[in-house]
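Subject: Structure for you to look at

Hi there,

Here is the structure I promised to pass on. Please open it alongside this note, and my findings follow below.

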Amino acid sequence: MPASEETSLRALESLMTEFFHSCTTNDRKREIEELLNSFAGQPGSWRHCLYFLSNSRNEYVMMYSLTVFENLVNKMWVGVASEDKAELRSCLPKLLLSQHTLLPFFIRNKLCKVIVDIGRQDWPMFYHDFFSNTLQLVQSPSLAPLGLVLLKMTSEELVCPREDLSVARKEELKKLLLEQIPTVLNLLTGILETVWDKHSVTVTTPPPSPTSRETGESPFCLMVGDSTPVGLESESGTLCLLALECLAHLFSWIPLSSSITPALLASIFHFARFGCQLPVKTKPLPTSNGNSSPGSLLANGSEGQGRTGQMIGHADRARLGVMAMSCINELMCKNCVPLDFEEFLLRMFQQTFYLLQRLTNSHSHTNTHSVKNRLQELDESYVEKFTDFLRLFVSVHLRRIESNTQFPLVEFLALLFKYTFNQPTHEGYLACLDIWSIFLDYLTTKIRSRLADRDSVLNRYKDALVLLLREVLNRIQFRLNQSQLEELDDETLDDDQQTEWQRYLRQSLEVVARVMELLPSQTFSILFPVLQEDLDIYLGLQQFIVTTRTNRRLNITAEADCRKLHCALRDLSSLLQAVGRLAEFFTGDVFTARFNDALAIVQRLVEVTCYGSQIIHKQNQLMSLAALQAYSHWLAQFCSEVQRQQDQTQFVDLITSSMAATTPLINAKVPEKLLVSACHLLVSMATTVRPVFLVSLPAIQNVFNLITENHNHRLPQEAHVLVCRALSNMLLLPWPSLPEAEQQWPSRSTSHARLVSTLTHQYRLLPRPPDHHTNSECKVVLQQTLCVLRDVVDSISGEATKSRQICYQSLQESVQVTLALFPLYIQQPDVTDEMLSFFLTLFQALRVQMGVAFTEQIIQTFLSMFTRDQLAVSILQEGSAGSKVVEKFLKILQVVVQEPGQTFKPMLPSILSLCMEQVYPIVAERSCPDVKAEMFELLFQILHQNWRFFFKTSVLSSVQRSGAEEHMENQAQFIAAMQAFGQSFLQPDIHIFKQNLRYLEILNSKHKLYHRKLFRSSMLFHFINVLLQVLLHKSHDLLQDDITLALYNMAAVDFQAFYSSFLPEFLNGCQGLDPHQRTTLARNFTPERDLPSFSQGVYRLVNDLRFYRLCNGSLPPGTLKL
C-alpha cells in the first residue's frame, strides 16, 4: 500500500467498495481478501487502522479497522510492545468519546467491544481506570447510555470469556467484578428511580386487594400509593432500557445477595407495569435512521437522538415492560436461594401478584371478555414473559412460598385461572396449561408424602381444581367453542407426528387426568354426564336413517341441525379419548371402590362399538375401539375377580358383545385405519384380558376361518400380522387364576400347530433353489410369512416356559425350512434381512427350546456364509439392506455370547475371529456407524459376559485380593480388542465414542479393567493420553463430563504415578509450550484425589494449555521468552 496514510485510506475505501459490489467476481474477492489479510498481518498495521477509523465515514473501512484491532487484542496481545498497548488504551476510549454520537450504532458497539477486550486482558494491573471510567460514564447525564453499553459488554465479556484467558485470570476477573457489583447495582437503581420519579404521578387509591375481606388491607399493597407513569421521554426510555438490559445480564450470573435491594426490585417492577398498559394512540417517533417506526429508537441503544420532550410510543413502553420481566425471570431461575433471601422472594411474588391483578382486572360494568381483549391488545412478548414468570414461580418456588401465611395461594390460583382462560392465542393457552400441569404434579407429590392430612390439603384446593376441570372440558368441546377450535389445524403433522388439534386435545386431557388422580369421583361425575349427552345424540341418529335398495343415508338437512350434529360428533370423539385416558384410575387397589363407574363407562363403550357397525362414523368408531382397548387392564382385573364368583354373566356379556361388534370390522373391505384399530382391540382381548371362553365365541371362530381359509381376500399386512398374533396368543397364553391342570394345554397345542401349519403352508412349499420365473412371488410369500412368525414369537418372549415350548413345537418345521433357504438367498439382502430378523427373535425368545446342537448348527451356517468378501460387499453399501443384514447377524452373536454357563463357550474363538479379523478391518477406517456400533457392542458383550475367557482368576485369590500373578489366557485377542476401543477414540463419530467410553467404564466397574496388570502396564497411560488430547482438540466437547469421569477412574488406579510420572511425560510431549509453562501447568494441577477437584484440575490443564499455545503462536518470530 502507498506510504501516505491519506492515500492508503482512499485505496482501502476503493477496495472495500469493490469487494462488496454485486459485480465483483469471487476470484477478485479472494484477491482483495488476501491483500487485506496481508496488510492486517504487518507489524504496526494498527496505527494505520487508527487513522482510518478517525478519518473515514465509510462503514466497511471502519468495520475492517475494528476487526484488525479485535484480532490484535484477542490473538496477539502478548506480543504487542507495552508502549503500544498504553497508546491503544489511551487512544481508543478518546476516539469513542469524541465520535460516539456520529458513529452508526453497530460500529460504536464494535469499538466498545475492542475497549472491553483490552480491559479483559489488562484490568486492573495495566488498565487500572478501565472500570472506574465506565462507572463515570454511567453517572454522567449526557454519556450515561454509552456507559451502560460498555457496562453490559463488560459483564458479557469478562464473566464468560472465551479461551484467550487462563483459568486463574478468569477467576480473578469474576472476583473483581463481584466486588464492584454493589456499586453497579446502586448506580442502576439510581437511574431507574430518577426516571420513574420524574415521569410518574402518585395516585393515593391503593390497587385492588386479592385478600381484602372486611378490612380492605392487603399484604400485597407494598406501596403507599399506586405510582402510574403518565408518559416517558425518548431519552429517558433509551436510558432505562439500557439499564434493564444491563441488569438482566448481571442477574444471569451474580448470586442472590443483599446487593439486590428492595429499592432495586421495586424499580424493576415499576417498569414491568409498562407492559400492562394498553396502547394509547400516539404519533410515532422518528428514529436514528430517520424511519418512523415505534420501537426502533430503543432497539439500537442510541443515546436519545429523539427530540427532547418527545414521549415514547406503546411499542417502546412494551419493550421496557418485556425487559423488566426478563430481569425478574433471571432472578426467578435461581433455584439456590439463601434462607435469609426468602423474605425477598415473598416481596417479589407480592409485586407480581399486583401485576397479575392488573393484567386480569375486569371492571364490574364490563363483560367477562374484557380481560381477553386486554391481553390481546398487550405486547405478545410481554404476555409470553409473564407466562414464563408464572411457570418459574410454580415450578421452582411454590414449595418455598406456599406455607407462608402472607401469600394467599388460593387467590393466586384464581388469578392464574383468569389469566389462563383469557389467553388470546392457543399457544398462550397451552403454555398456561403446562403451568397447571406442573402445579397438579406438585400437589400430587405433596399429598403422597403427607397421606395423614391428605384431605385437608385437598379441601384447600378442591374448588379450584373442579373449576379448572370444568373449564378445560369446556375448552375442548366444539358445541361451546366451535369458531376457536375450527382454527386449529387438524391435517399437518408436527415433529411429534401429531396435528395442532391433537396436541391441543392431548395437553387438555393430561390436565383432566391429573385432576382425576386427585379428585376421582368429582371428575367422573363431571365428565360422564357430558359424554352421555353426546352419546344420546349419536345413538339417536338411527331414527334419521333412510334406507333404500342401494344405500343408507342420514336424513338431516337443516343447517342448524347439521352444525349441532357436527359439533356433537367431534365432541363425542374427544370425550371418548378422555375416558380412555382415565382408564388407569379404575384399576389396582381402587378397582372395587370405583367398579360401578368403570362398568358404566365400559358398557357405554361396548354400546357405541356395537352401534358403530350400523352407523358408520369412522372417527367415533376409531375412538370407541381405542377407548375400549384402554380398559383392557380393567377387564383383565374384572376377569380375575369373576373367576372366584358363580355368576359371570355380566363379564361374559361384555366380552361377547364387544367381540360381536369388533370382528365384523376385520375385513379387507373396511377402511384400513378402522381395521387396524379393531385388530388392536382383538390383540388386547387375547393378550391382556385372556377370557377362557374367548376362543370358543362364534365371532372369534369366524376370524379363525377368515385367516386360515380365505386367501383370496387377504388382509393388509399390518392387520394380518395383528390378527395372527391375537389368534396365536389365545392358544398360547395361560388363562389367569386357573391351575395348570385346567389350562387344556394338549388341545390348545394341537390347535396352535394347526394354525401355524396353515399360515406357513405356501412358505414350506417354496422351491429350492428359487425358481427365477416366480422369484418375486416367492419373495413376497417368504417376507410375509416370516414377518408373521417373528411377531408370534416376539409376543410370547416373556411368557412362561410352557407357552414357549408349544410355540417352538409349532414352528420347528418352518425354522428348518428357513435355515435351508438361507444360503440360497444370501445374494438377496432384502430377503436375508427378513430371515435374520426372524432368527434374531428366535434366539432372543426360544434359544432354550431350540437346544444347543441346533443353535450351533445355525451359527456355523451363518459363519460359513459370511466370508470376508461377503461381509465387505454388504458393509460397504452403507445404509443398504446388505449393511442391515450384517447388523442383524452381529445382534444374533450378541445374544449367543450373553448366554450364561458353558453352553456356547466353544464358539467364542470363532466369533472373536469373525469380529476382529473379518468385520473390524473393513469398518476400522470407514464411517459405517451402524455396523460399527453393533460390532463394538458384540466385542463388549464378549468381554463382559465371558471375562474368565481372558482372566482365569480363582475364587480364592478374588476373596483374598492378594497380589498374586494374574493368570491370563487369549492375551492377543484381548489386546486387539482394547486397541480397537482405543482407535475408536481417535475418530470423529461422537456416538461410537460415547458408547465405547461407557463400555470401558462398565468393564472397569464390574471387572476392574483399569486395575488389571496388562492394562496398567501397557495401555492405561495411552488411553489417558488419547482422552486428554480429545479434550484439547475440543472435538467431542459434548462428552466433556463423561471423558473427565473416565480420566478420573483411570488415574485413580495409581494417583501417585499419574501425578509424578504421567503428567510430566504428557506435558513434555505437548508441542508449542516452553519449559516454564510446562512447570506452571504441572504445578497448577494440584494432586487431589476427589472427583470434583480432579475435574477442576483437568479443566484448568486443558484451558491453560490451549491459552499458552495461543499466546506463543501470537508472539513475533524471534521473541525472547523468559
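**Helix packing**

Helix α38 (residues 881-897) and helix α39 (residues 908-923) have axes that come within 11 Å and cross at roughly 145°. Helices here are DSSP runs of H or I with at least four residues, numbered from the N terminus; axes are lines fitted to C-alpha atoms over the stretch in contact, with angles from 0 to 180 degrees between N-to-C directions. The crossing of α38 past α39 is left-handed (the near helix is turned anticlockwise from the far one by less than a right angle). On the α38 side, Phe889, Leu890, Leu893, Val896 and Val897 make the contact, and on the α39 side Leu908, Ile911, Leu914 and Val919 do (contact means heavy atoms within 4.5 Å). By class, this contact has nine nonpolar residues, no polar and no charged ones; Ala, Val, Leu, Ile, Met, Phe, Trp, Tyr, Cys and Pro count as nonpolar, Asp, Glu, Lys and Arg as charged, and the others, Gly among them, as polar.

**Before you read on**

This is a predicted model, with local features needing pLDDT of at least 70 and side-chain atom pairs counting only at pLDDT 80 or more, while totals for chains, interfaces and linings use all residues. Residues are numbered from 1 along each chain as its sequence is written, and side-chain values use heavy atoms, leaving out hydrogens and water.

**Aromatic rings**

The structure holds 70 aromatic pairs (ring centres of Phe, Tyr or Trp, the last by its six-membered ring, within 6.5 Å; planes under 30 degrees apart are stacked, over 60 edge-to-face, the rest tilted). In one of them, Phe1058 and Phe1094 have ring centres 5.6 Å apart and planes at 50°, so the pair is tilted. Phe1058 belongs to helix α47 (residues 1055-1068) and Phe1094 to helix α49 (residues 1091-1114), so the pair ties together parts that are 36 residues apart in sequence. Both Phe1058 and Phe1094 are buried (under 20% relative accessible area, with a 1.4 Å probe and protein chains only).

The charged end of Arg475 sits over the ring of Tyr429, 5.6 Å from its centre, and Arg1012 lies over the face of Phe951, 4.9 Å from the ring centre (CZ of Arg within 6 Å of the ring centre and within 35 degrees of the ring normal).

Asp84, in helix α5 (residues 82-99), is buried at 18% relative accessible area. Beyond its neighbours within four places in sequence, Asp84 is in contact with Trp46 and Arg47. His314, in helix α13 (residues 314-332), is buried at 19%.

Best wishes

Technical notes:
Helices (H or I, at least four residues) and strands (E, at least two) are DSSP runs, numbered from the N terminus. Buried means under 20% relative accessible area, exposed over 50%, partly exposed in between (1.4 Å probe, protein chains only).
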